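I opened my notebook to go through this structure one feature at a time. Here is what I looked up, in the order I got to it.

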Amino acid sequence: MKFFKKSNSNEDSPRINNRSRIPTRLNVLFFIAFLLFALLIGRLVQLQIVQGERFQSEIDSGDIKTETRNVQRGMIFDSSGKPLVANNTARAISYSKPLNVYPKTMYSIANDLVDLIDLDDEPTTKTMLVNYYLAKHEDEVKKQIPNVNSITNDKKLARLEADYVKKHDLTDGMSDKQKRAATIYNKMNNAYSLSTIYLKTKDVSDEEMARIGEHQSELPGIKITTDWTRSYPNGDSIKNVAGTVTSQKQGLPSEKINELLAQGYSRDDNVGSSYIESQYEDVLKGTKEAINVETQNGKIVDRTKEYGGKTGDNVQLTINSKFQNHVQDIVKNAVKEGSGNQNPLMTGGYAVVMNPNTGGIYALAGVDRDNKTGKITTNSLGPLNQTMVMGSVVKGAHVMGAMNQGVITPDNNTLTDTPIKLAGTATISSIFNKSGNNNMTLSASDALEVSSNSYMMQLTMKEAGFKYSPGAALHMPVSIFDSLRSNFNQYGLGVKTGIDIPGEAPGFKGGSTSADIGKALNLSFGNYDAYTTIQVAQYMSTIANGGYRMQPHVLQSVRSKGQNGKLGKVNYEFQPRVLNVVDGTKDQWDVVHRGLWQVVHGNNQWRTGKRLEDLKPEVSAKSGTAETTTNGSSTTTLSAASYAPSDDPQVVIAVAYPGSGSTNEGFNMDSVKSIYEAFWKDVKSSDGYK
């Protein structure tokens, strides 16, 4: 028994000792944990209280900015795939402006750079020299300004500094080298942070590249890169129509600057500023390369390309470049031959060639002539913005309007051409019947054939409810002006045609009060209101296709960039647009179509389109002769509008030659004939047409 009890006491003894050691271990662990928490709390106190302000400042100073880089602009092609407007790339010297760069740094770079490259002669202004001087000497100048420490307005201080430099002639005596450096400095200084500007874009030589390469480490931000300019591989006649692109120096057009800035442009971006380049800017410009620039305390710490950029899409036009050049030459030669001693006051010539079924423009050609010097200059946009009184070319619309008003019908439209004599006004007559010796009975088609002014005036008086008798006073409501113009407008005469080129003129309306009522008769045969050549082309297209006024357009399609500078896949194709439809029955349209065919192929000796009768396929046409005044002298405008083939119209040609001194309808019809011959050769085969 004793042994057993002793044994039990020995077993209990270790348990007591183990229990006594457990609290000690826990205490050690708790102590270690306490130290760790104390260190953590201390660190948090240090970060949040001791260093919190500094870290918050660094957070506030950090930023991510987006740097953008331009991509190459899309090209413009003609209908056959030939490049009309291309890009010429060339080596260039650029400057990428960093964040928070000091003026003295740019001053130093400019002085170094002027020794390494040859700069084109550029004008250096007084302001540029002052800015260059202040880049180095601003601290010295600032000390000379009274109460400078109280001036808190930076712009005011800068103005005072500049005034001081100018007043004391501190820039006088600068060397040519310093002036060139001043030009470079100002370009660099005017750039935005993280933007890239070009310092030299022409004729960068191998030697200049080598010199810059050798001193690259001393020229932060200076790089050898590429620049592009627009070129015209298939002739300059398209240049007017294509329009212009601003240079980086020009920057955004002032009249559109706010609109473009809102779209994400920079002030010094290249942008289409006129005509096709402007109209299709969104297509041609492409999408800029975007780089996220992370900054800390004003320094760049990382760059990440967000988007690689996309080259601009190509634009394909309906214009055929070969034909465009031919039409331009034809019009220019017509003006040369039609002016001279016979017509010294001639002011130009314009032509439009259009597809009457789609509205597509095959050619826009024109020249302006200075009638004092005789100098002829290209103006391919003249057909859109030069308004002229066109003359009898518009009579087809008036005949159709009279039928729609019920004044005449396809079966009852015979009137006698006779001089119109009204009280208090000079006699108005047709050219072939000035004295009344050639009075003749005419149908509406015959009236178009011989271009009867008398017939058109009689239609107007009937429409106005005035019963004509020789010597009577003219009494018509002024509403006749609106009635005539409303009819002409349906064909595109006197309203904008809607062509997809900015800058189109709407035409010009003469007075339409009761005092002008006699002019309504002149309006009826095209000798009062003024129109553009594109309006005449749209008008004749509407007649040719049977009443559909088509929107003229030069865009054929938008294409992606193909390989080796070729056209890529079609992204968008222009669809013909009908602006309005002129009401008319087949019998009514037949009257007008027959008359225009007779102008060329009729039997009357007074027909005006005889010069076109040998053309194949057959042509239908209407000529125009309008009395005008140029430099105080009596002149005429010769015009013509036509379509072919007569029985299946595929092309419309309209021409106008203002300021002629002769009523001889020669060179206007001769130019039309030459244009048709070029069209069937350059654009479309005449095979299969009558």
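Predicted model: local features only at pLDDT ≥ 70, side-chain atom pairs only at ≥ 80, totals over all residues.

Before anything else I needed a cut-off: a residue is called exposed when its relative accessible area is over 50%, and buried when that value is under 20%.

Entry 1: I went looking for exceptions. Asparagine 147 has a positive phi of about 55 degrees, and it is not a glycine. I found asparagine 147 in the loop between α4 and α5. Is asparagine 147 buried or exposed? Its relative accessibility is 61%, so it counts as exposed.

Aspartate 203 goes on the list too, with a positive phi near 55 degrees. Its place is in the loop between β4 (196-200) and α7 (206-214).

**Entry 2: cis bonds.** Another reminder: most peptide bonds are trans. I noted the bond from lysine 616 to proline 617 as cis, with omega near 0 degrees. Proline 617 sits in the loop between α20 (586-601) and β18. The bond from alanine 644 to proline 645 is cis as well, with omega near -15 degrees. For proline 645, the loop is the one between β19 and β20.

Entry 3: Next I checked α4 (126-143). A straight helix of 18 residues would span 26 Å, but α4 spans only 22 Å between its end C-alpha atoms. Where does α4 bend? It bends at histidine 137, by about 90 degrees. I also looked at which residues of α4 are buried, and histidine 137 is one of them, along with others including Met128, Tyr132, Leu134 and Val141. The cover over the buried residues of α4 includes α3 (103-113), α5 and α6 (176-190).

**Entry 4: the sheet.** What is the strand order in the open sheet of six strands? I traced it as β11-β10-β9-β20-β19-β18, and the pairing is antiparallel. At the edges are β11 (376-378) and β18 (620-630), each pairing on one side only. From one strand to the next, the twist averages 15 degrees.

I zoomed in on one pair. Strand β10 (residues 361-369) is joined to β11 by three bridges, and the two run antiparallel. Arginine 369 has isoleucine 376 of β11 as its bridge partner.

Then I looked at which helices pack on the sheet. Helix α12 (residues 321-338) does, touching β9, β10, β11 and β20, and its direction makes about 30 degrees with that of β10. Helix α19 (residues 533-544) packs on the sheet too, touching β9, β10, β18, β19 and β20. The direction of α19 makes about 145 degrees with that of β20.

**Entry 5: the cores.** How many residues are in the largest nonpolar core? I got 87, and those with the most contacts inside this core are Ile361, Val399, Tyr455, Met476, Ile501 and Ile543. Helix α19 gives the largest share of this core, seven residues.

Note on methods:
Residues numbered from 1 in each chain as written. Heavy atoms only, no water. Pairing = 2+ DSSP bridges. Helix = DSSP H or I, 4+ residues; strand = E, 2+ residues; numbered from the N terminus. Axes fitted to C-alpha atoms, helices over the stretch in contact; angles between N-to-C directions. Contact = heavy atoms within 4.5 Å. Buried < 20%, exposed > 50% of the residue type's maximum accessible area, 1.4 Å probe, protein only. Expected span 1.5 Å × (residues − 1). Bend = angle between axes of the 7 residues up to and from the residue. Core = buried A, V, L, I, M, F, W, Y, C linked by side-chain atoms within 4.5 Å.
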